[in-house]
Amino acid sequence: MFGIDPGYAIVGWGAINFQSNTYKTLGYGAIETVAGTDFNKRLEYIYDETYAILNRCRPDALAIEKLYFQTNQKTAINVAQARGVTLLAAQKLKIPIFEYTPLQVKTAVTGYGKAKKPQVMEMTARHLKLKEIPKPDDTCDALAIAICHTQAAGSQLRRVMYGKGL
């Protein structure tokens, strides 16, 4: 399972395995672009790096956070574009893509949909038996999204929805 926290400055990623109710961290990190670099070059770099990591990891699925609109439309549009090239990399490798809202991620990781970021980060590290919370925050967020998918993918509801193409 592979989780992505989309962005254009930092794209967090995390690869985990979930078997017999046990999580195993396979790897995590961040793809970082340099501020001031031509935006199209930043998108190309995000695509190339995402493709290379996914091609190396070959996950059975990719989970990504659904976009929600912020107050800054320019930022939202740029994040949406970066998210698009990330999804394209997964699509090119024929990796199934699943999307989750922040509420779904918080609920899956902490059991409480209104959990604050520090709670989500702490519980992510606990689920994965990590000694420290992964940095940058985007990396920890990507691991939380992957955890969310492992829980949703195992449910009867998710199997029915997936079978119907929802």
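Biologist: In which helix does Ala80 lie?

Modeller: Ala80 lies in helix H2, and before we go on, please keep in mind that this is a predicted model.

Biologist: Why is Ala80 called partly exposed?

Modeller: The relative accessibility of Ala80 is 34%, while buried means under 20% and exposed means over 50%. The value of 34% falls in between, and therefore Ala80 counts as partly exposed.

Biologist: How far from Ala80 is the C-alpha atom of Ala35?

Modeller: The C-alpha atoms of Ala80 and Ala35 are separated by 17 Å, and the two residues are 45 residues apart along the chain.

Biologist: And what makes Asn21 exposed?

Modeller: Asn21 has a relative accessible area of 69%, and the cut-off for exposed is over 50%, so Asn21 is exposed. Asn21 is found in the loop between S2 and S3, and its phi is near 60°, a positive value in a residue other than glycine.

Biologist: Where is Arg58 found, and what is its phi?

Modeller: Arg58 is found in the loop between H1 and S4, with a phi near 50°, which is again a positive value in a residue other than glycine.

Biologist: Let us turn to the sheet. In what order do the 5 strands stand?

Modeller: The order is S3-S2-S1-S4-S5, in an open sheet whose pairing is mixed, and the twist from one strand to the next averages 20°.

Biologist: What makes S3 and S5 the edge strands?

Modeller: Strand S3 (22–32) and strand S5 (97–100) each pair on one side only, and they are the edge strands.

Biologist: How do you know that S1 and S2 pair, and in which sense do they run?

Modeller: Pairing needs at least two bridges, and 4 bridges join S1 to S2, so the two strands pair. S1 and S2 run antiparallel, and they form a hairpin with 4 residues between them. Within this pair, Gly3 stands opposite Gly14 in S2.

Biologist: How many bridges join S1 to S4, and how do these strands run?

Modeller: Strand S1 (residues 2–5) and strand S4 (residues 62–65) are joined by 3 bridges and run parallel; with at least two bridges required, they therefore count as paired. Here Gly3 stands opposite Ala63, and Ile4 stands opposite Ile64. S4 also pairs with S5, in the parallel sense and over 4 bridges, and Ile97 in S5 is the bridge partner of Leu62.

Biologist: How do you know that both faces of S1 are covered?

Modeller: In S1, Phe2 and Ile4 on one side and Gly3 and Asp5 on the other are all buried. Buried means under 20% relative accessible area, so these residues on either side of S1 are each below that cut-off, and both faces are covered. S4 is covered on both faces too, with Leu62 and Ile64 buried on one side and Ala63 and Glu65 on the other.

Biologist: Which strands does helix H1 lie across?

Modeller: Helix H1 (residues 39–57) lies across S1, S2, S3 and S4, and it runs at about 155° to S3.

Biologist: How do H1 and H2 pack, and what is the handedness of their crossing?

Modeller: H1 and helix H2 (residues 73–92) pack at an angle of about 35°, with their axes 9 Å apart, and H1 passes H2 in a right-handed crossing. Among the residues that meet are Phe39, Leu43 and Tyr47 in H1 and Ala82, Val85 and Ala89 in H2. By class, the contact has 11 nonpolar, 4 polar and 1 charged residues.

Biologist: Which residues of helix H3 are buried, and why do we say that they line one face?

Modeller: Helix H3 (residues 102–110) has Val105, Ala108 and Val109 buried. Seen down the axis of H3, its buried residues fall within an arc of 90°, so they line one face of the helix. In general, an α-helix has 3.6 residues a turn, so residues three or four places apart point the same way. The buried residues of H3 pack against S5, helix H4 (117–127) and helix H5 (137–153), and just after H3, Gly111 takes a positive phi of about 85°.

Biologist: Is the peptide bond from Lys135 to Pro136 cis or trans?

Modeller: The peptide bond from Lys135 to Pro136 is cis, with omega near -5°, and Pro136 lies in the loop between H4 and H5.

Key. Residues are numbered from 1 along each chain as its sequence is written. This is a predicted model: local features need pLDDT of at least 70, side-chain atom pairs count only at pLDDT 80 or more; totals for chains, interfaces and linings use all residues. Side-chain values use heavy atoms; hydrogens and water are left out. Axes are lines fitted to C-alpha atoms, for helices over the stretch in contact, and angles run from 0 to 180 degrees between N-to-C directions. Contact means heavy atoms within 4.5 Å. A crossing is left-handed if the near helix is turned anticlockwise from the far one by less than a right angle, and right-handed if clockwise. Ala, Val, Leu, Ile, Met, Phe, Trp, Tyr, Cys and Pro count as nonpolar, Asp, Glu, Lys and Arg as charged, and the others, Gly among them, as polar. Buried means under 20% relative accessible area, exposed over 50%, partly exposed in between (1.4 Å probe, protein chains only). The arc is that of the directions from the helix axis to the C-beta atoms.
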